[in-house]
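Let's take a look inside a protein and see how its parts pack together. Have the chain open in a viewer as you read.

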Amino acid sequence: MDTSSKENIQLFCKNSVQPAGRSSLKADYACPEEKQACRGELKVFLGALSFVYFAKALTEGYLKSTITQIERRFDIPSSLVGVIDGSFEIGNLLVITFVSYFGAKLHRPKIIGAGCLIMGVGTLLIAMPQFFMGQYRYERYSSSSNSTLSISPCLPETNDPRPISVMEKPQSKVNNECETDAGSSMWVYVFLGNLLRGIGETPIQPLGITYLDDFAHEDNAAFYIGCVQTVAIIGPIFGFLLGSLCAKLYVDIGFVHLDHITMTSKDPQWVGAWWLGYLIAGMVSLLAAVPFWFLPKTLPRCCGQENCHSSSEKSKFITDYQTPCGEKTKIVEMARDFLPSLKNVFGNPVYFLYLCASSVQFNSLFGMVTYKPKYIEQQYGQSTSKANFVIGLINIPAVALGIFSGGIVMKKFRLGVCGAAKLYLGSSVFGYLLFLSLFALGCENSDVAGLTVTYQGSKLVSYQQEALFSDCNSRCKCSETKWEPMCGENGITYASACLAGCESFTGNGTNIIFYNCTCVGMKPSQSGNSSGIAGRCPKDNGCPQRFLYFLVVSVITSYTLSLGGIPGYILLLRCIKPQLKSFALGIYTLAVRVLGIPAPIYFGVFIDTSCLKWGLKRCGSRGSCRLYDSNTFRHIYLGLTVMLGTMSIFLSIALLFILKKKCITKYQNLITTRERAAIATRNGKENCTTNDHLLHPNDCPQRETQL
């Protein structure tokens, strides 16, 4: 740009007369000398938004890491845990439409700040049940007893039909425990806290992303959004690592003497300090709200050096759409345009198909991520702490790298809408093809007498509790509801030492050895009475190697699927009218969250059907599952994920087909327009040439211009 042009621009920025009631253009289009200041203010908002994304992702990742521990702590089935997990989306449902529509015309940074405060309060509320509930009680055979008598593992048969747990307690104590158990329902606080989290998180995505897209240069918008999404992925990394650390700590740490705990972190009944991470995450969310209360309603529009005074479609929208200085937005006028705007958004076929494809795909991802720690625990015999550790340290960084790579590809190759759709579809196809290989990387069931094998060692999967009894333990008065696993010398796990027919024991705490176990000696390779130790037997020898293969395939799959994240965002933002971007993104978030609410629930319902051994609460109602059928669990978990992913791929193919059709139509219209312009120019030249012999060259003043 030459010097005179710069002077004219500066003169226009300083001395132009503004229309009445219209804010200064200087606030929207910064001059070249203010470019550095514009970038600085934009980066402040970018940093604040990134930290908020980190805070909300930290809490979400930590929630996923504590799913199995919440299930055990409150002794509830997986389906009810799915309802608790879905309460976050329910909170979004309550306010997302109004926040995305009205919030776009109000002070967006302050609305985001208020949302962060609500999100922090909700996170702290989730941890509150720990301080109101009693100490965690678990089923475990202990060498110490309140009675003066030492009770043998194999209790001689009596005529009293009551379970052992009731026989050992006075009736008044049992009644008190039943009243406490029936009246607690403390998981409701977790549900309400997660609901508040969903309400507080609502304005962050639709208002934050569109605020950034409005004031960033069009070439940098995809890169900035990629940076925000990448930082958001770092949050779950710390969330799962924090979950891994807290899972190693006992739930009542600081309230009980740890030497009296008779189980290890690998025990299916172990519950870590799940509440501790929510206190940390809640404080981080409250801290993230601070910067937004000091940010302006609008940022100066930073333009390029080549077209400072020109305006693109997005720039025109920002100038016309912002509220003029001295005028207040009228809520009634905004509400009048709500239904027409909604009709306009859903009338866009590209937007509607992308919305359907994303909703189905997010159903797949929500269910998969929610129960992935449980899948690793049950399928590969890993502890809760290790499952969270490998997800946080190995799997999620691959997702972050994939999202960042998608933004780099979009920026480097300057992909348009059609290119973004192709990249989005390609990543989904290859990702789910890789996911199919996980079906072959599962582990077989652990040998549990009466559930997965017979007492003689033959393979048998039984859902009937009567199969726990055999001739070898018929002389004992055993309870089929107890789950106090014991690993025999024959490599078979028994539901309890009583069901193994053990008559004596030595040791205490986690080092208990049982002797004279008649059922252990029934295997052909054994002879006579045998012994066993407290706890479950490890998985087969090939399972650790298959777990490593699972991690490798899972990392590659996560990277491939996340590669289409940013192209999908750009496709969403570019296929809709500029003045409807915030509203369309809010509707998109609403639909994805609402349609994603059932995903953890029906995943949990189907997973519960693979349970072989249910725990019972103190009053006899069904609690959480103690043992799953590994093969059925694997087919349900992976099958649901692949089925939903396939549906999203077909919808994405239809989306790409419509986009290509539109691109071809626009190209043909452009060619037709150019041909008409060329014919008009050619006709003008011929007319001037025909009259050239009658007129002096100077008498045809338009000739030079036309040529």
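Is Tyr-375 buried or exposed, going by its relative accessible area? Keep in mind that this is a predicted model. Tyr-375 has a relative accessible area of 0%, and buried means under 20%, so this residue counts as buried. Tyr-380 is buried as well, at 3% relative accessibility.

**Rings that meet**

Tyr-375 and Tyr-380 also form an aromatic pair with each other. A second pair to look up is Phe-633 with Tyr-637. Here are both, side by side:

| Ring pair | Centre to centre | Angle between planes | Type |
|---|---|---|---|
| Tyr-375 and Tyr-380 | 6.2 Å | 80° | edge-to-face |
| Phe-633 and Tyr-637 | 6.4 Å | 90° | edge-to-face |

Why are these called edge-to-face?

Phe-633 and Tyr-637 both sit in helix 24, 4 residues apart, which is about one turn of the helix. Both of them are buried. Ring pairs then tie Tyr-375, Tyr-380, Phe-633 and Tyr-637 into a cluster with Phe-547, Phe-550 and Tyr-628. In total, the model has 23 aromatic pairs.

**The nonpolar cores**

Now zoom out a bit. The largest nonpolar core holds 110 residues, and Tyr-380 and Phe-550 are among those with the most contacts inside it, along with Ile-204, Leu-212, Tyr-351 and Tyr-588. Helix 24, which spans residues 630-690, gives this core its largest share, 11 residues.

What does Phe-550 touch, leaving aside its neighbours within four places in sequence? Its contacts are Lys-372, Tyr-375, Ile-376, Tyr-380, Leu-438 and Leu-441. There is also a second, separate core of 28 residues, and Leu-468, Phe-505, Cys-519 and Leu-612 belong to it.

Next stop: helix 4 (residues 78-102) and helix 9 (residues 187-201). Two packed helices are described by the angle between their axes and the distance between the axes. For helix 4 and helix 9, the axes come within 7 Å and cross at roughly 35°. The crossing is right-handed.

Which residues meet where helix 4 and helix 9 touch? From helix 4 they include Leu-80, Val-83, Phe-88 and Asn-92, while helix 9 brings Trp-187, Phe-191, Leu-195 and Arg-197, among others. Sorted by class, this contact has 12 nonpolar, 5 polar and 3 charged residues.

Technical notes
Residues are numbered from 1 along each chain as its sequence is written. This is a predicted model: local features need pLDDT of at least 70, side-chain atom pairs count only at pLDDT 80 or more; totals for chains, interfaces and linings use all residues. Side-chain values use heavy atoms; hydrogens and water are left out. A nonpolar core is a set of buried Ala, Val, Leu, Ile, Met, Phe, Trp, Tyr and Cys residues joined through side-chain atoms within 4.5 Å. Buried means under 20% relative accessible area, exposed over 50%, partly exposed in between (1.4 Å probe, protein chains only). Helices (H or I, at least four residues) and strands (E, at least two) are DSSP runs, numbered from the N terminus. Contact means heavy atoms within 4.5 Å. Axes are lines fitted to C-alpha atoms, for helices over the stretch in contact, and angles run from 0 to 180 degrees between N-to-C directions. A crossing is left-handed if the near helix is turned anticlockwise from the far one by less than a right angle, and right-handed if clockwise. Ala, Val, Leu, Ile, Met, Phe, Trp, Tyr, Cys and Pro count as nonpolar, Asp, Glu, Lys and Arg as charged, and the others, Gly among them, as polar. Rings of Phe, Tyr and Trp (its six-membered ring) pair if their centres lie within 6.5 Å; planes under 30 degrees apart count as stacked, over 60 as edge-to-face and the rest as tilted.
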